[in-house]
Amino acid sequence: MITHRPRRNRKSEAIRNLIQENHVTVNDFIFPLFLIDGKNNKSEVKSMPGIFRLSPDLMLKEIEQCLKLGITTFDVFPSLTDKYKDKFASESTNKNGLYLKTLAQIKMKFPEACIMTDVAMDPYSSDGHDGLVEDGKIVNDKTLDILAKMAIAQADCGIDIIGPSDMMDGRVGFIRDALDDAGHQDVSIMSYTAKYASAFYGPFRDALDSAPKFGDKKTYQMNPANSKEALIEAQLDLEEGADFLMVKPALSYLDIIKDLNTNFDLPIAAYNVSGEYAMVKAAAAKGWIDGDRVRDEILLSMKRAGASIILTYFAKEWALNIKKTRIKGCVQIK
Ligand code: PBG
């Protein structure tokens with residue numbers, strides 16, 4: 001006699017829906033956007049089909065469309081040509097430069113949009129590193145001053161969340177103090193807490209042309225083989241005043257998402273990075289996988305692991321897809 005029949009809870013769509021533990025909703029998303037100079041200018045990132053670098057006018061349109069789809073939060077990254085790059089990432093505090101000017105425009109036009117920015121030197125650095133390079137080394141403490149100025153300049157544009165992605169020691173506390181001193185107590189910090197030295201960032205570096213000019217990022221980003229370091233980083237970020245903890249990449253690091261969610265009470269964000277997006281798109285284009293279903297399964301896995309926020313290049317297509325199913329009278333929440 002079989003006394004337990006778990007299959008009873010799977011016998012119909014209705015029952016399966018009743019017992020579903022995790023859901024992805026449009027409220028979970030942060031949509032990363034790539035900014036380029038020009039007017040009516042858009043160029044697709046080759047390794048990220050469907051993702052475009054957009055000039056400011058087109059980015060405003062994109063944000064407007066996304067807001068209508070229910071996406072409320074955006075992470076904006078600048079793609080700069082070499083003439084704007086130097087050793088000290090000077091362009092990062094140029095109020096009349098492409099990035100800061102556009103951020104201010106976005107917040108002016110869409111005050112209801114929640115805008116996140118990236119704090120790291122790489123898009124502006126002639127060395128292509130997240131920190132200041134001296135004698136071939138990435139120097140920690142001198143980088144902090146540059147990051148703090150960058151964060152204040154972004155906060156001055158009215159942005160809502162600062163995202164330090166540089167992995168320098170002590171930067172969350174340093175940036176928190178600098179923001180507070182500048183009167184930006186209400187600006188949040190989403191720390192890239194457990195950011196691994198990953199090959200999954202390849203397509204993003206194509207998008208921004210921001211790959212390191214020498215060496216790699218292993219002296220500051222974490223070793224993919226380790227999990228304990230993530231707990232140390234999370235503890236420090238908590239103590240230094242982070243408002244959110246992020247794990248990046250997400251898919252190969254679901255255990256880290258779970259570890260942080262189990263051990264810390266701050267909300268956890270998962271960064272479903274460029275390489276994860278590219279893999280799905282490439283295999284789907286070949287007809288080897290059902291891209292939409294794989295996408296939804298991947299996003300769900302991040303929720304199941306304990307993320308409450310997902311930064312994902314899939315945000316817009318997911319929202320468009322949901323709209324279609326809603327019209328068919330099906331699920332509103334996936
Ligand atoms: C910059 C930064 C990177 C990403 C986000 N911010 C690249 C890197 O650290 O080299 C990667 C995002 C992605 O791959 O989608 N520090």
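How do the residues of the shell around the ligand divide into nonpolar, polar and charged? They divide into eight nonpolar, three polar and seven charged. In this count Ala, Val, Leu, Ile, Met, Phe, Trp, Tyr, Cys and Pro are nonpolar, Asp, Glu, Lys and Arg are charged, and the others, Gly among them, are polar.

Before we walk on, note that this is a predicted model, where local features need pLDDT of at least 70 and side-chain atom pairs count only at pLDDT 80 or more, while totals for chains, interfaces and linings use all residues. Residues are numbered from 1 along each chain as its sequence is written, and side-chain values use heavy atoms, with hydrogens and water left out.

Let's start at the ligand. It is surrounded by 18 residues, and the closest are Lys 195, Arg 205, Lys 248, Ser 274 and Tyr 313; to belong here, a residue needs a heavy atom within 4 Å of the ligand. Next come some polar contacts, that is, pairs of N or O atoms within 3.5 Å. Ser 274 has a side-chain N or O atom 2.7 Å from an oxygen atom of the ligand, and for Gln 221 such a distance to a ligand oxygen is 3.0 Å. Ser 165 places a polar side-chain atom 2.9 Å from a ligand nitrogen. On its own the ligand has 400 Å² of accessible area, and the protein covers 100% of it; such areas come from the Shrake-Rupley method with a 1.4 Å probe.

Where does the ligand sit? The space it takes is the largest cavity, and sitting there means that more than half of its atoms lie within 2 Å of the grid points. On a 1 Å grid over the protein atoms alone, a cavity is a set of points where a 1.4 Å probe fits but cannot get out; a pocket is an open set with protein on both sides within 12 Å along at least five of seven lines, and lining residues have an atom within 4 Å of a point. The largest cavity holds about 160 Å³, a volume being the space filled by probe spheres set on the points. Among its 18 lining residues, Asp 122, Lys 195, Tyr 201, Phe 204 and Lys 248 lie nearest the centre. Helix H6 (202-208) gives the most to this lining, with three residues. Helices (H or I, at least four residues) and strands (E, at least two) are DSSP runs, numbered from the N terminus.

Now look at the second largest pocket, with a volume of about 340 Å³. Of its 18 lining residues, Gly 50, Phe 52, Leu 54, Glu 62 and Lys 316 are the closest to its centre. Its lining has 11 nonpolar, two polar and five charged residues.

Finally, two details of the backbone. The peptide bond from Lys 248 to Pro 249 is cis, with omega near -10°, and Pro 249 lies in the loop between strand S10 (244-248) and helix H8 (254-263). Asp 135 is not a glycine, yet has a positive phi of about 50°.

Definitions and conventions:
Polar contact = N/O pair within 3.5 Å; in protein donor to acceptor, adjacent residues only side chain to side chain.
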